[in-house]
Amino acid sequence: SNQTLGFPARLSRRKALSLVKELDAFPKVSDSYVETSTSGGTVSLIAFSTMALLSVLEFFVYQDTWMKYEYEVDKDFSSKLRINVDITVAMRCQHVGADILDLAETMITSGGLQYEPVVFELTPKQREWQSTLHRIQNRLREEHALQEVLYKSLLKGAPTALPPREAVFMQSPDACRIHGDIYVNKVAGNLHITVGKPIHHPQGHAHIAAFVSHESYNFSHRIDRLCFGEEIPGIINPLDGTEKITYDNNQMYQYFITVVPTKLKTYKITADTHQFSVTERERVINHTAGSHGVSGIFFKYDTSSLMVTVSEQHMPLWQFLVRLCGIIGGIYSTTGECRAFLHLHVF
C-alpha cells in the first residue's frame with residue numbers, strides 16, 4: 001500500500017519540475033554551438049574591468065553623505081537667545097563698556113562679559129592662525145559646499161579659537177578683551193561697545209565717558225569670535241577673525257546681522273545653533289559735516305522668522321544594491337551587443 005500511495009506523489013513532483021522547466025526564461029545553449037574568439041575575449045576583459053571600476057566608485061558614493069536643508073516657520077518665540085562674544089578693542093578696559101539694548105527697550109547689562117587687559121598686537125603664531133582663517137573665510141564666500149565639509153569633518157572637535165598668547169613681559173597691556181556669554185530675548189537688539197561704563201536709569205540708557213580723554217578714543221578692534229546659540233567647535237562664523245584698524249578717534253563701526261535659527265543633525269552631533277549673515281558699514285563721526293552719531297562698535301541683530309534644519313543624509317542599502325545591479329546588467333548587455341557586432345564584421 002506504501003508503494004501505491006508513493007507513486008502518485010512522485011508523478012506530481014515530475015509534473016511540477018516539468019512546469020518549472022517550461023517557465024525557464026533563460027534558454028541554454030549547447031557547448032558545441034559556442035565559439036571563443038580573441039575579439040570576444042578582449043571585449044569581456046574590458047567589460048569586467050569596467051564593472052569592477054564602476055562598482056568601486058559606486059561604493060565610495062555609497063559611503064559618502066550629504067547635507068539636506070529643510071525650512072519651516074520658527075515657532076519658538078519664548079526662549080532666550082545666547083550670544084557668544086570674544087572681541088578685543090584697542091583701548092584700556094577702564095575706558096570701554098559693552099551692553100545690549102533690545103527692541104523692547106530692555107537693557108541687558110554686561111554681567112556675563114569679562115574685561116581682560118591684553119596686548120592688541122598678535123604674536124606670530126596668532127597672526128598665522130588669523131591669516132589661515134581669512135583664507136577659509138574667502139573660500140566660504142565663494143563655495144557654499146565648503147560649509148558642508150565643515151559640518152561633517154570639523155565637528156569632531158578641531159579648535160577654531162585664537163591660540164593662547166605666550167607670556168609677554170616687555171609690553172604692557174594696551175587693549176581690552178571683552179568675552180563671555182549673554183542671554184537676550186529673541187527680538188531685535190543692539191550690542192554696542194563704546195566709551196565709558198554703561199549705566200541704567202529710569203529715563204533711559206547711558207555710558208559715563210566724562211573722565212575719558214578724547215585723544216584716547218581708539219575703536220580699532222578684532223573679532224576673534226561672535227556667534228549665536230550653542231557654541232560648536234569647528235563652525236566658522238562670518239565675522240570670526242575680522243580685524244579693523246582706524247587712525248581716527250571718532251570712528252563708528254556698524255554690523256547689521258540677520259540671525260537664522262538652525263538645527264544641526266549629523267552622525268557626530270545634534271545641536272541647536274544659529275547661522276547669520278552680516279553687512280558692514282563704517283564712517284567717521286563729524287557733526288559739522290552732517291555725519292552724526294556716537295563713535296564705537298555696534299552690532300545690530302535681528303532674528304529670522306524661518307528655521308533651517310540641516311541633516312546629514314546617507315544612501316540606503318537597497319538603493320546601492322539597485323544601482324550596482326544596474327551597472328553590472330547594463331554593461332553586460334552592452335558588451336553582448338558589441339561582441340555580436342564584432343563577430344559579424346570579422347566573419
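# Briefing on a predicted protein model

Leaving out residues up to four places away in sequence, Asp86 touches Arg177, Ile178, His179, Arg222, Ile223, Asp224 and Arg225. The model that shows these contacts is predicted. The protein has five helices and 15 strands, and buried residues make up 36% of its 347 residues. Of the contacts with a separation of 6 or more, 81% are between residues 24 or more positions apart.

- Asp86 is found in strand E2.
- The relative accessibility of Asp86 is 15%, so this residue counts as buried, the cut-off being under 20%.
- Asp86 and Ile223 are 137 residues apart along the chain, yet their C-alpha atoms are separated by 6.3 Å.
- Thr88 also lies in strand E2, and it is buried, with a relative accessible area of 2%.
- Beyond its neighbours within four places in sequence, Thr88 is in contact with Val118, Phe120, Ala175, Cys176, Arg177, Ser220, His221, Arg222 and Asp224.
- Arg222 and Asp224 are among the residues that Thr88 contacts, and both are also touched by Asp86.
- Arg222 lies over the face of Phe120, at 5.1 Å from the ring centre.

**Nonpolar cores**

- In soluble globular proteins, nonpolar side chains tend to be buried together.
- The largest nonpolar core here has 33 residues, and Ile257 and Phe299 are those with the most contacts inside it.
- At least two residues of this core come from each of strands E2 (80–89), E3 (96–102), E6 (175–185), E7 (189–195), E10 (221–228), E12 (251–265) and E14 (296–303).
- Strand E2 supplies the largest share of this core, five residues.
- Neighbours within four places in sequence aside, Phe299 is in contact with Ile87, Gly189, Asn190, Leu191, Ile223, Leu226, Leu239, Tyr255 and Ile257.
- A second, separate core has eight residues, including Tyr151, Ile232, Ile235 and Ala271.

**Aromatic pairs**

- A pair of aromatic rings is described by the distance of the centres and the angle of the planes.
- Six aromatic pairs are found in a search of the whole structure.
- One of them joins Phe59 and Tyr62, a tilted pair with 6.4 Å centre to centre and 40° between the planes.
- Phe59 and Tyr62 both lie in helix H2 (residues 38–63), where they are three residues apart, about one turn of the helix.
- Phe59 is partly exposed, with a relative accessible area of 37%, whereas Tyr62 is buried at 18%.
- Tyr255 and Phe299 form a stacked pair, because their ring centres are 4.9 Å apart and their planes are at 10°; planes under 30 degrees apart count as stacked.
- Tyr255 lies in strand E12 and Phe299 in strand E14, so this pair ties together parts that are 44 residues apart in sequence.
- Both Tyr255 and Phe299 are buried.
- Phe59, Tyr62 and Phe320 are linked into a cluster by ring pairs.

**The largest pocket**

- The largest pocket holds about 500 Å³ of space.
- Its lining has 21 residues, and Gln147, Ile236, Pro238, Gln275 and Phe276 are those that lie nearest the centre of the pocket.
- Strand E1 (65–73), helix H3 (124–142), helix H4 (145–153) and strand E13 (270–284) each supply at least two residues of this lining.
- Strand E13 gives the most to the lining of the largest pocket, with seven residues.

**Cavities**

- The structure holds two cavities of 30 Å³ or more.
- The volume of the largest cavity is about 40 Å³.
- The residues that line the largest cavity are Arg225, Cys227, Phe228, Glu230, Glu231, Ile232, Ile235, Asn237 and Thr273.
- Strand E10 gives the most to the lining of the largest cavity, with three residues.
- Ile232 and Ile235 belong to the second core, and both also line the largest cavity.
- Arg225 is another residue in the lining of the largest cavity, and it is among the residues touched by Asp86.

Methods
Residues are numbered from 1 along each chain as its sequence is written. This is a predicted model: local features need pLDDT of at least 70, side-chain atom pairs count only at pLDDT 80 or more; totals for chains, interfaces and linings use all residues. Side-chain values use heavy atoms; hydrogens and water are left out. A nonpolar core is a set of buried Ala, Val, Leu, Ile, Met, Phe, Trp, Tyr and Cys residues joined through side-chain atoms within 4.5 Å. Buried means under 20% relative accessible area, exposed over 50%, partly exposed in between (1.4 Å probe, protein chains only). Helices (H or I, at least four residues) and strands (E, at least two) are DSSP runs, numbered from the N terminus. Contact means heavy atoms within 4.5 Å. Rings of Phe, Tyr and Trp (its six-membered ring) pair if their centres lie within 6.5 Å; planes under 30 degrees apart count as stacked, over 60 as edge-to-face and the rest as tilted. A charge sits over a ring if NZ of Lys or CZ of Arg is within 6 Å of the ring centre and within 35 degrees of the ring normal. On a 1 Å grid over the protein atoms alone, a cavity is a set of points where a 1.4 Å probe fits but cannot get out, and a pocket is an open set with protein on both sides within 12 Å along at least five of seven lines; lining residues have an atom within 4 Å of a point. Grid points are joined across faces, edges and corners, and a volume is the space filled by probe spheres set on the points.
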